[in-house]
Amino acid sequence: MFARLREDIQSVFDRDPAARSAWEVLTCYPGVHAALAHRFTHWLWGHRLRWLARFVSNLARTLTGIEIHPGATIGRRFFIDHGMGVVIGETAVIGDDVTLYHGVTLGGTSWNKGKRHPTLGNGVVIGAGAKVLGPITIGDGAKVGSNAVVVKDVPPGTTAVGNPARIIDTEQAQKREEKAGHLGFSAYALANGQDDPLAKAIHGLLDHAVETDRRIDVLLKKLEASGVSIEDELATADKFDPKYLSKIVD
């Protein structure tokens, strides 16, 4: 028991630079309190003391703002940063060295009994406000960006961002970095040059389309100035409005 507690405290120091002392972590970190309470309620749940487990779990939720179902399975060195608004469902399975930020939901998408919540591998990081829904698997070392909505499996070592979440391929990200800036990971969705990759691609296409239209207009004016009639050769097309499309993807 005390060995696990020392691990929990050390994991806070490893992942939160604001931590100053073991006493501060033990008395002022709701994520640590929630993890300790869950360890007890999970024991009760495993010994079929279901009502008592749920009752103690509700007390812990009232004190910490973190709701963890007693049936959830959680590994070692689990760390919830800030914690307020975190919800972890009954059939969720969480590996070792996992980090969750505030507002994370590990929820279900079905009312059917059985496995209906996510499985998180070792070393997973879930950013603030992210929703990971359904009996899906987040692979070892994967990261989920802030406010992402994940409803499909995330391969190990990758990063998922957006709503619905998309996987940022490492090779692709390196290529994008040269032209569109580095696509890193931030628990709060704030990093230099970090935008939604799909929106970046669309904006790039829009910029190219605008420049193409400008060049065509210049060519048409040059042709008209040279006395070349082009009205009959060109079909009338709807006016392209890049500003409207930009608003859609912003």
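Which helices each supply at least two residues of the nonpolar patch? They are helix H3 (30-46) and helix H4 (50-64). The structure is a predicted model.

**Nonpolar surface patch**

- The patch on the surface is formed by Phe 40, Trp 43, Leu 49, Trp 51, Leu 52, Phe 55 and Leu 59, which together have about 750 Å² of accessible area.
- Helix H4 gives the most to the nonpolar patch, with 4 residues.
- Leu 52 is placed in helix H4, and its relative accessible area of 33% makes this residue partly exposed.

**Salt bridges**

- The structure holds 9 salt bridges, among them the pairs described below.
- Arg 76 forms a salt bridge with Glu 7, in which the closest N and O atoms are 3.0 Å apart. This pair links distant parts of the chain, 69 residues apart: Arg 76 is in the loop between strand E2 (73-74) and strand E3 (79-80), and Glu 7 is in helix H1 (residues 2-15).
- Both partners are partly exposed: the relative accessible area is 32% for Arg 76 and 21% for Glu 7.
- Asp 8 forms a salt bridge with Arg 39, with the closest N and O atoms 2.7 Å apart. Asp 8 lies in helix H1 and Arg 39 in helix H3, so the pair ties together parts that are 31 residues apart in sequence.
- Asp 8 counts as buried, at 4% relative accessibility, whereas Arg 39 is partly exposed, with a relative accessible area of 27%.
- A salt bridge joins the side chains of Asp 97 and Arg 77 (2.5 Å, N to O). Asp 97 is in the loop between strand E5 (93-94) and strand E6 (99-100), while Arg 77 is in the loop between E2 and E3; the pair links distant parts of the chain, 20 residues apart.
- Asp 97 counts as partly exposed at 32% relative accessibility, and Arg 77 is also partly exposed, with a relative accessible area of 24%.
- Glu 7, Arg 76, Arg 77 and Asp 97 are linked in a network of salt bridges.

- Apart from neighbours within four places in sequence, the residues in contact with His 117 include Gly 89, Glu 90, Ala 92, Leu 106, Gly 134, Pro 135 and Ile 136.

Key. Residues are numbered from 1 along each chain as its sequence is written. This is a predicted model: local features need pLDDT of at least 70, side-chain atom pairs count only at pLDDT 80 or more; totals for chains, interfaces and linings use all residues. Side-chain values use heavy atoms; hydrogens and water are left out. Contact means heavy atoms within 4.5 Å. Patches are made of residues with over 30% relative accessible area and no salt bridge: like charges are joined within 9 Å, nonpolar side chains (Val, Leu, Ile, Met, Phe, Trp, Tyr) within 5 Å. Accessible areas come from the Shrake-Rupley method with a 1.4 Å probe; for residues, only the protein chains shown count as cover. A salt bridge is a side-chain nitrogen of Lys or Arg within 4 Å of a carboxyl oxygen of Asp or Glu. Buried means under 20% relative accessible area, exposed over 50%, partly exposed in between (1.4 Å probe, protein chains only).
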